[in-house]
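Let us walk through this structure together. Keep the sequence beside you as we go.

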Amino acid sequence: MLSKLVTHEQAVEHVLDGTRLMYGGFGTIGSPANLIDAILHKGVQSLTLIGIDAGYPKVGIGKLISHGRVRQLITTHIGSNPEAGQQMMEGKLEVTFCPQGIFAEKIRAGGVGIPGIVVDAHVSGERMEGAEPFAFDGRTCRIEAALSAEVGIVYAKQADTYGNLIYDKAARNLNPLVAMAADITIAEVEEIVPAGELDPDKIVTPGIFVDYIVVRGGGNS
């Protein structure tokens with residue numbers, strides 16, 4: 001079996017100008033910070049970001065926004081990052097908001113190959129093109145498109161060499177869903193162990209969803 005362990009520089013070769021990039025984390029909890037720094041250092045532009053929040057101006061995913069590397073943001077809130085709000089008001093950043101529960105379900109749907117989900121027609125968000133409201137169980141509903149990405153970056157506490165992932169409490173958040181919903185998934189982990197050493201009952205993300213692994217704090221070497 002070929003090793004999935006790569007350097008940060010090798011991992012972000014897959015992030016190009018205009019890439020649709022999905023990321024795990026809530027604020028700084030469960031955020032793949034080293035990968036974000038590597039993407040920033042690479043200098044890519046016009047990214048579309050998909051994640052639960054906009055981070056902070058100088059921390060985590062917010063760095064990419066603050067440095068003007070992002071064209072579009074699909075998220076649930078931007079309140080922790082005033083820079084995102086300023087860019088949105090100035091027309092420099094296109095922001096699409098989505099309620100958190102629906103947002104998570106849209107990513108899950110993208111990960112399992114479902115093209116869209118049914119939501120209440122009165123909930124704001126993006127509907128699928130050509131999808132008209134319809135009656136269901138006494139309610140007016142509509143279909144919203146699933147969310148997926150070209151590249152997904154996630155954080156986990158442990159991985160084995162095959163890419164099986166174990167998360168640490170709340171740092172799990174949307175990371176398992178993001179890992180499923182991207183064409184290429186890169187996992188930033190605190191520790192990597194030989195295949196077979198992780199407790200199978202604790203594995204959340206099977207290695208089949210993970211393409212590359214980088215070790216947090218390992219630098220670019």
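Contact means that heavy atoms lie within 4.5 Å. Helices (H or I, at least four residues) and strands (E, at least two) are DSSP runs, numbered from the N terminus. The model is predicted: local features need pLDDT of at least 70, side-chain atom pairs count only at pLDDT 80 or more, and totals for chains, interfaces and linings use all residues. Residues are numbered from 1 along each chain as its sequence is written, and side-chain values use heavy atoms, leaving out hydrogens and water.

Start with a sheet. Strands of a sheet pair through backbone hydrogen bonds, either parallel or antiparallel. Here, two strands pair if DSSP finds at least two bridges between them. This open sheet has 3 strands in the order S5-S7-S6, and their pairing is antiparallel. Strands S5 (116-120) and S6 (134-136) form the edges, each pairing on one side only. From one strand to the next, the twist averages 50°. Axes are lines fitted to C-alpha atoms, for helices over the stretch in contact, and angles run from 0 to 180 degrees between N-to-C directions.

Look at one pair of strands. S6 joins S7 (residues 139-145) in the antiparallel sense over 3 bridges. Ala135 stands opposite Thr140 in S7.

Now turn to helix H5, residues 100-112. H5 lies across S5 and S7, and runs at about 160° to S5.

Next comes burial. Buried means under 20% relative accessible area, exposed over 50%, and partly exposed in between (1.4 Å probe, protein chains only). Buried residues of H5 include Ile102, Phe103, Ile107 and Gly111. The buried residues of H5 pack against strands S1 (20-23), S2 (47-50), S3 (70-75), S5 and S7, and against helix H6 (175-180). Just after H5, Gly113 takes a positive phi of about 85°.

Finally, visit two loops. Beyond residues up to four places away in sequence, Ser31 touches Gly24, Gly25, Ile36, Gly60, Tyr155 and Arg216. Glu197 sits in the loop between strands S10 (182-193) and S11 (212-215). With a relative accessible area of 56%, Glu197 is exposed.
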